[in-house]
Every structure is written in C-alpha cells, then in structure tokens.
Amino acid sequence: MNKQLSKKQRYNYFLVNLLSFASIFLLLGLIVFQLVQTSIYQTVDHDLQRLADDQKFLQHQLMKTERLQGNSPQLGKLETPPPNNFQQQVILWSKDGKILNEAELGSRFYDFQNLKLSTENLRTISSVQTKDSNNRSLQFRSITLPVENQDKVAYIQLLVNTDPIKGTVERFKQILIICMVIFGLLSIALSYFLSKWFMKPILISWKKQQEFVENASHELRTPLTIIQAKLEKLFTKPNHTILEESETIALSLDEVQRLSHLTSDLLLLARSDSNSLTLEKESMKINGFLNTVLLPYQELALAEDKEFIIDLGENHQLFFDKKRIHQLMIILLDNALKYTAPGEKITVFSSIKNNEWLIKISDTGIGIVEDKKSAVFERFYRGEESRNRKTGGYGIGLAIAKWIVEEHRGKIELTDNTPKGTTVIVRFPVK
C-alpha cells in the first residue's frame, strides 16, 4: 500500500471516528440538558398546579383581600402550606385588568406594575416575562384562573419566579458546553489514535500479501525456468528419440509435479486467509487412522536405513477432519524424514490424556535453533535466507500445518529432543 493511499485511508478513518464521537457527545449533551431543564420546571409546574387545584387556598386568598378592605371576618387556618413569599406570588385581578391586592403584595407590587392580564390561556401553565421598576427582566411560570361569584375579583393569577432556576440552567449549560469542548478535544485525540490503530491490521495484511506474492512468484519462477530450459533443449535436438531425451523429460515432469504441489499449497493458504475453507469432521478410530498414515512412512524410513518407531495409546473414537489431519501428518513426517540422516531415529507417539489428543513426532536430526522455532511456522521460511533446494521444500508446509491445527482449536509447538533433534507436539481438545 503506497503512502498516499495509506494516508488517505487513515484520514477517512479519522473523520469517521471524529464524526461518530462528536455525534454521540452532542446527542448525549442535548439529552442531558433537556432532561435537567424539564425536570426542574416540572417541579415548579407541579407546585403551581397543586395550588390551582386547592379550592381552600384560593378561597383563603380572596377572603384575605376582603379582610384587608374591612369586608371579611377573621381568617381560619389553612390545611395546606401557603405559597413561598420569596418565589410564589398571588395576584388578584379585576375585569378591567387592575391589581386588587396591591397592599398584600407590598414592595413586590413594583415587580408586577408592568405585568398585563392575559385571559387567552386560562387554567394553563405558561411562561410570563415582565420588567420591574428598575427595568430588570423577570421570568415567571404562571397559571390564571377565573373567579366566579365575586363582585370585584374576576381572575386570580398564581406565579412562581423562575429567575434562580433560569440561572441554574444557564450555569449548567455553561458547564455542559465546557465539558463538551473537553470531550471534543479528547475525541479528536482518540480518533487520531484509533485511526492509527485501525490501520495497523490493514498495513500488516497488506505487507503479508506483498510478501506472499513476492515469495510465491520466486518459488514459481524456479520450476518454470527449469521446465522452460528443458523444453528449449528438446527443440535444439529435434531428431532425438524420447528414449535419448528421457532424462530431460523426467526432470521436466518432476518440476511439473513440484509446481502442481506448490500451487495446491498456495491455493490452500489463500483460501484459508479468506476463511472460505470449512472442516468436514467425522467420527473415526484414531489408531486405525494413524496406522494408515504411518505404515508407508515406516517402510520408507527402513528403506533409507532410518529407525521408525510407532507408539500408539488406546484406540479412542474422535471427531476430526480426516483429510486435513492426514495432510498435517504428512507435512510433519516429511520434515522428520528430510532432516534425519541414515542410522537416526524417528518416533511417533499418540495418546489421549487430560481431555487432549496428544501427538508427538520426534527425530534425532539436525534440530532447530531456539530463536528460530517460532519463525518456522511463517510462510516460505526454511531456516536460511538463501532459497536453496537442499531439502526440496518451499517453506510453507508448517504454515499449513499450523492452520490445520488452529482450525481444530488445537496447539502446535516445537521443542528440543534429547540428546539431539526436534520434537513436534500437537494437542487437540477432546470433546
């Protein structure tokens, strides 16, 4: 992936993350602000409605005005709490819009001298704004009720001053905005970090793809070059018989066969990367299956003057992909035979222990250096940087083996064999 494309992709990730975080924080802030504001004003409206529904309280207010005018008997006790004199006020209006309880309001009358009577939304709580004698704006929640059977009083208005609430809401809004700004800056930093983090697997995947293509091209080029050279040689001797050129044809066929195996392995790795391969598991007796795989290799080892020992435990019935496990065993056995000399020993051990199917393939060959043991499972790794054909491999067998084991939810590892050589340990969970 070139730098310009990588930069553009990272920028796109950054924008997506930033817009996502900004939208979430903005939506959360609006919801919180709306909920706080609504809940505060709901409390005020609840108190107003309670007073508006309290007939004794309303009658008490009317009688209080008549008493101040000398027309009413002594007032009795209220059963409900009176309004808060600092925040709640009661105004009695005449039909022509004059305030009748000016004396009871006292100094607060100057706060309402610019207030006008509105009869449009009777019995409905609404917001009212007016100005006091100092031209300061005052905010109220108000409900106006009509009064019947009264000569002077036509309407009674209940008001609650909401200036302190408005101040609280404004301070809360300022704090919320500051928090939104802080979280906005954090979202920018987090979006930048996530864009880098999201790009890492893409860059790693792209790098692996490049390495895969380069290595595959290198491995394919050699047999193709050999085949081309052999065919060109045949053209230089058109009069030769097949028997005379049998060696050239045999070498070409060997390379074709190697090329066929290589392309099959490359196809398997490519399909495994795309998760398009699925296991076809079936129930089988493990000892019978292993004997089918191991006996031909035992004969091959004897032919090469190598000792081949088979140690199988109890014959359990297990559930696995026969084709893939067979392929796994061939890869491991091929490696064991390649890296052991005549007179050396190969041991295959199998047992069921602690709910695990344990397979060990040990050899007394050349062994593997400690710091190379994890690298051998990488694709196209063969222990040396030079691409020699000394052992005839392509360095992808153990990568395929690791994929087969992991698809069966197992584990594979390499350890040193005593006194020399390597032991491959494979563990499959037994359900």
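The following conversation goes through several descriptions of this predicted model and asks what each of them rests on.

Colleague: Why is His 408 called buried?

Modeller: Residues count as buried under 20% relative accessible area, and His 408 has a relative accessible area of 7%, so the word buried applies to His 408. Across the protein chain, buried residues make up 35% of the 431 residues.

Colleague: Where is His 408 placed, and which residues does His 408 touch?

Modeller: His 408 is in the loop between α9 (397–407) and β10 (411–416). Leaving aside residues up to four places away in sequence, His 408 touches Leu 279, Lys 281, Phe 320, Asp 321, Arg 324, Ile 325, Phe 428 and Pro 429, where touching means that heavy atoms are within 4.5 Å.

Colleague: How do you describe the way α8 and α9 meet?

Modeller: Two packed helices are described by the angle between their axes and the distance between the axes. For helix α8 (residues 322–338) and α9, the axes come within 9 Å and cross at roughly 145°, and the crossing is left-handed. On the α8 side the contact includes Arg 324, Ile 325 and Leu 328, while on the α9 side the residues include Leu 398, Trp 403 and Ile 404.

Colleague: What makes up that contact between α8 and α9, in terms of nonpolar, polar and charged residues?

Modeller: The residues of the contact divide into 10 nonpolar, three polar and one charged; Arg counts as charged and Gly as polar, and the contact holds both Arg 324 of α8 and Gly 397 of α9.

Colleague: Why are β6 and β10 said to stand at the edges of their sheet?

Modeller: The open sheet has five strands in the order β6-β8-β9-β11-β10, with mixed pairing. β6 (307–312) and β10 each have a single partner strand, so one side of each is left without a neighbour in the sheet, and that is what standing at the edges refers to. From one strand to the next, the twist averages 15°.

Colleague: How do you know that β8 and β9 pair?

Modeller: Pairing requires at least two bridges between two strands, and strand β8 (residues 345–353) and strand β9 (residues 356–363) are joined over eight bridges in the antiparallel sense, so they meet that requirement. As one instance, Thr 347 has Ser 362 in β9 as its bridge partner.

Colleague: Which strands does α8 lie across?

Modeller: α8 lies across β6, β8, β9, β10 and β11 (422–429), and α8 runs at about 25° to β9. These elements belong to a protein chain that has nine helices and 11 strands.

Methods. Residues numbered from 1 in each chain as written. Predicted model: local features only at pLDDT ≥ 70, side-chain atom pairs only at ≥ 80, totals over all residues. Heavy atoms only, no water. Helix = DSSP H or I, 4+ residues; strand = E, 2+ residues; numbered from the N terminus. Buried < 20%, exposed > 50% of the residue type's maximum accessible area, 1.4 Å probe, protein only. Axes fitted to C-alpha atoms, helices over the stretch in contact; angles between N-to-C directions. Left-handed = near helix turned anticlockwise from the far one by under 90°.
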